[in-house]
Amino acid sequence: MENMLEMFDIDELIELKMLAQKNNTRKIELDSSNKIYQRYRFLQYAEVEYAILVCLDTQNNLICEKLISKGTVRGALVSSREVFRTALMNNSVGIVLLHNHPSGNVEPSDDDIKLTKNIKKAGKMIGIPLLDHIIIGADNYTSFGEEKIL
């Protein structure tokens, strides 16, 4: 098994993990930032930034999860249009954004804060609130909701 894993680089393994999670249809409650972190903490090993959209129902159960951007070591471009297109197509009641920082530092950048404010504003206008934005780093995370940045 170890030799088989060595055939893939870390980014390929992350994409395989996302695919495996997508095919898991059991009910998954994601009602806290810690639960979300536990589900996606594998992103701490990524060598580039990944941005993921988590769509939730009225009970904070997972409806869909989508990789919305694969970036570079310095960042990933996130489109509000893509975020809400996916949320609307999946009848989402609320959304959570998350991304990793390959550096391991979970401190939000100015761009992270700006993106969060823009997504929050757009979500408010169309009735799909941004419930949290989580940054995953080396064995740690920052929740914009918990830190009152949201």
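Okay, hi everyone. First, some housekeeping: this is a predicted model, where local features need pLDDT of at least 70 and side-chain atom pairs count only at pLDDT 80 or more, while totals for chains, interfaces and linings use all residues. Residues are numbered from 1 along each chain as its sequence is written, and side-chain values use heavy atoms, with hydrogens and water left out.

So, how confident is the predictor? pLDDT is its confidence in each residue, from 0 to 100. The protein averages 87, and 83% of the residues score at least 70. Contact, by the way, means heavy atoms within 4.5 Å.

Now the overall layout. We've got 5 helices and 5 strands. These are DSSP runs numbered from the N terminus: helices are H or I with at least four residues, strands are E with at least two. Along the sequence the pattern goes α-α-α-β-β-α-β-α-β-β. If you take contacts between residues at least 6 apart in sequence, 66% of them join residues at least 24 apart. And of the 150 residues, 41% count as buried. Buried means under 20% relative accessible area, exposed means over 50%, and partly exposed is in between, using a 1.4 Å probe on protein chains only.

Let's look at strand E3, residues 94-100. How many of its residues are buried? It's 7 of the 7, so E3 is largely enclosed by the rest of the structure. Both faces are covered: Gly-94, Val-96, Leu-98 and Asn-100 sit on one side, with Ile-95, Leu-97 and His-99 on the other.

Who are its partners? Strands pair if DSSP finds at least two bridges between them. Strand E1 (residues 50-56) is joined to E3 by 6 bridges, and those two run antiparallel. Cys-55 stands opposite Ile-95 in E3. E3 is also joined to E4 (residues 130-137) by 6 bridges, this time running parallel, and Leu-97 stands opposite His-133 in E4. To get from E3 to E4, the chain crosses through helix H5 (residues 110-126), and this β-α-β crossover is right-handed. In other words, with the strands pointing away from you, the path from the first strand over the helix to the second runs clockwise.

Next, Ile-68 in strand E2 (residues 62-70). Ile-68 is buried, at 15% relative accessible area. Ile-68 and Ala-51 are 17 residues apart in sequence, but 5.7 Å apart in space, C-alpha to C-alpha. Beyond neighbours within four places in sequence, the contacts of Ile-68 include Ala-51, Leu-77, Val-83 and Leu-97.

Last stop: helix H3, residues 33-40. Its buried residues are Ser-33, Ile-36, Tyr-37, Arg-39 and Tyr-40. They cover an arc of only 160° around the axis, which puts them on the same side of H3; that arc is taken from the directions from the helix axis to the C-beta atoms.

That's me done, thanks!

Terms used
pLDDT = per-residue confidence, 0-100.
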